[in-house]
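Good morning, everyone, and thank you for making time for this.

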Amino acid sequence: MISNKVRTWPVIAGCLMAAMMVLVQPAFAQGPVTDDDVNRVARQLYCPVCENIPLDVCGTQACAQWRDEIRLQLQAGKSEQAVIADFVARYGDRVVGTPQDPTLRGLSLVTPWLLSAVALSVALGIFVRWRTAQARSIQTGIPVPAASTSARSSELTPRRLEEYRARLEQDLARRR
Amino acid sequence: MLAEIGFLAALLAFVTAIYAILAALYGASRHADHLVVSARNAAIATFPLLAVSVGALWIALISQQYQVAYIWEVSDPNTPLFYRITALWGSQAGSILFWSFLMSAFAAAALILNWRSQYRLMPYVIAYTMVTLAFFLGLTVFMENPFERLWIMPSNDVVRSVFMPANGIAPSAARLAETAQGLNPLLRHFGMIIHPPMLYLGFVSFVIPFAFAMAALASGDLSTNWIKATRRWALVAWLFLSLGLILGGRWAYDVLGWGGYWGWDPVENAAFLPWLIGTAFLHSVMIQEKRGMLKVWNMFLVIGTFSAVIFGTFATRSGLVNSVHSFARSSIGYPLFFFWAIVTVVSVGLILWRWRRGELRDERSFANLMSRESLFVLNNLVFVMLFVAIFWGSFGAPIISELFANTKITLGKDYFLNVTPPLFLALYVLMAVAPISAWGVSSLRRMGRALVVPFVLALILVAVLALGGMATPVALVGYGVVSVAGMVAIYETYRGVVARHRGLGESWAQAIRALFGRNRRRYGGYTIHLGIAVIGLGVLGSTLFQQETQKTLAVGESLQIGGYTLSYDTFQGGQVAEDGRVMDIAQVTLRRGEQWLASLRPRRDFYPGAEGSNQSTIAGAYSTLENDVYVLLVGWNDIDASSATFKVFINPLINLIWWGSLILVIGTCVAVWPHEGEPVGVDTKVSSRARARATGAAA
């Protein structure tokens, strides 16, 4: 009786292993998960406890644990995108460094270009205004007014002029 | 005693700076020369006072005075002398004092060198430099005092105070030495010895052009005087800022162990932002000097640069954003924010006031879209667009989303790699075209002729790369554009040398020396452009063609990457260095084919006494001009190290970044260096009069 039991165990174990092979076939079909596979996913993630260092190069224990988790998920047959989506669902957008919401994502990427377009338009507007003013001055013969390089003398009051002359005289006397 | 001396010197410097502000402004308003002179002397006096203060802290660091809380926090008995000296800027309080010291040195130098030639601007220059200095000294005296000592009270509480509190007793020296924390492990690197001072020098020296610009606005002397007086200061500031960024990149590459040099970290970006605006200013200011144009724009740029400096300091030290630089966080965020806001608002207000009075009107207008001034304006726009994009990614999006969208958007490397490359490429295009255009009017035909040779040379390079198997269109376009920019710089210099050699019969060496000597600005500028082009080649290579792999190897096993073979030889765990750190070192052999290349020792350093981040990953690297093989020790079998995991990067052309940086530094030094017989900022009128007197005497 005992000897019969012993003989049936390998059969049962063999059946179980065959069943598992069928169940986890997608994962095995991809071959073993290498460090490079894990890093390919980890490179796209940031650890919340680390500071702006991608997960694939972070040396902390927390990041090592996350990489192990990525490995497990890949071994379980999940695609790279599914692993990333799982991390985003659990830890928020911060782990990927890009908003997942399409509106926020679009806004984030478009805003600097919008601001730049505004700056370019302003610059172009100024250039056109300059060109127009120049063309007009050529037509009319009236030169475009230039700035005075310092406070205009017409704005100086007689009292201030007197003060200035006195200081100038003092300076000259000192130099002599 | 050292703590009292250091603190009192800093306090005195603070009071002196306040006096200088008041005396300068009152003296200017009352035309009281003696008060302005007194203000100048007070401003200059802040430098020796702060030298005493910094000296006291240095002596305390070297002589291991652990009762001073700052010294207890940034050093321990195992810290080598080298790092004791650099620990001065190893944490918040010391770095702010050091910042103030450097600022006082620059302010004193600017006042001495420009006193006579720019006398009218001086009261306001004193006021602006001293306001900035007084603010930072205020932080030292009232908030981040590096001279506070540790005292034990009868209740067993430990309090911090410079002077001994009533009933307080000093802790035992032995206990203090035993518990001292030591320097942050990340800061124990040669790059960190030079990187922060260079960055601080860049930051503080931008105060000088800013102060002169504000003085011009306040005094009403809106001629090009302030530009002439500050051109060299701006270039020196730019050089230091560039060096700070480059050395920071090198530090990240060597210590942070991610295989790269620029991680688009918000604090890195905070230092890059003033560099962008400062570079735009250096180009734009030439237009005002040569053509009397863009007066308002230049004012905005110089204010923008200084504002970005203060904002960068605020971002680094306030904890506004998460970063690898978070060791510098503290409570000084609010004062820094208010200082930044007030300075920016007041400065912009001054510009608008002068502008409304019509005093900042341009003397000429743009005549031609291909003229040098138009291309410089385009260059400025691209710099500003880069500034906007990087600011938005680092600060704008996270702050605005948190304030208004009830979420925090964090934009990582992908954002910056999507948005910035076209703008950088545009800068290289302009770098190729603008130097060959002329002021005023320039024709496409003339520019086309000047571009033929550099373009053909760049085309040959691209063809060689394509024939060599490079099939990535982005890379070929990138290499092509960057090469044209570099070739223009080389070809224009070559043409000048040939003209002298043929026309004047000078030898090649004489012709080169004379060419650079006669127009340092122009040829220094070309050299800088060449440096930037070489950096560009390095960035393209290391970004587009980086390879990496990670594998666990048993002793004797090997891995292959990019034609290299790396074998794991042995492991030396638990090696204790002189400074107390524990090193776990793997030894690997690198071969190419059958040829032995190097024996590398990637390692992990562990600092037992350090708080927070207490380990660092030091790569083993084999460097050639072609590439770096960069090996990191990721982990190992804890029991017998019979197997270890390695991460290996091949970083093509990465060393061109460091070589290009060296060329950039040389170019900037050429541009800054005064012409023979040219005084460095002293009164030219006096000098010419003295020369006339001397000539008369000789006659």
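Let me start with chain A, where buried residues make up 20% of the 176 residues. Chain A contains 7 helices and 0 strands, and if you read along its sequence you find the pattern α-α-α-α-α-α-α.

Now to chain B, which is divided into four parts: domain 1 covers 1-183, domain 2 covers 184-385, domain 3 is made up of 443-544 + 657-674, and domain 4 covers 547-652. Taking domain 2 and domain 3 of chain B as a pair, their C-alpha centres lie 26 Å apart, and 10 residues of domain 2 of chain B are in contact with 11 residues of domain 3 of chain B. On the domain 2 side of that contact, the residues divide by class into 7 nonpolar, 1 polar and 2 charged.

Let me turn next to one helix of chain B, H5, which runs over residues 92-114. Helix H5 of chain B has 23 residues, and the distance from its first C-alpha to its last is 33 Å, close to the 33 Å expected at 1.5 Å a residue. Is this helix largely enclosed or largely open? Of the 23 residues of H5(B), 18 are buried, and therefore the helix is largely enclosed by the rest of the structure.

Ile112(B) is found in this helix, yet Ile112(B) is partly exposed, because 13 other C-beta atoms lie within 10 Å, whereas a buried residue would need 20 or more. The C-alpha atoms of Ile112(B) and Asn41(B) are separated by 9.7 Å, although these two residues are 71 residues apart along the chain.

Finally, a word on confidence. The predictor gives the complex an ipTM of 0.71 and a pTM of 0.83. Chain B averages a pLDDT of 86, with 93% of the residues scoring at least 70. Over residues 681-699 of chain B, however, the pLDDT is below 50, and this stretch has 14 contacts in the model beyond near neighbours in sequence. Where pLDDT is low, the predicted coordinates should not be read in detail.

Conventions:
Residues are numbered from 1 along each chain as its sequence is written. Chains are lettered from A and ligands numbered from 1 in the order in which they are written. This is a predicted model: local features need pLDDT of at least 70, side-chain atom pairs count only at pLDDT 80 or more; totals for chains, interfaces and linings use all residues. Domain bounds come from an automatic or database domain assignment. Two residues are in contact if their C-beta atoms, placed from the backbone, lie within 7 Å. Ala, Val, Leu, Ile, Met, Phe, Trp, Tyr, Cys and Pro count as nonpolar, Asp, Glu, Lys and Arg as charged, and the others, Gly among them, as polar. Helices (H or I, at least four residues) and strands (E, at least two) are DSSP runs, numbered from the N terminus. The expected span of a helix is 1.5 Å times one less than its number of residues. A residue is buried if 20 or more other C-beta atoms lie within 10 Å of its own, exposed if 12 or fewer, and partly exposed in between; C-beta atoms are placed from the backbone. pLDDT is the predictor's confidence in each residue, from 0 to 100.
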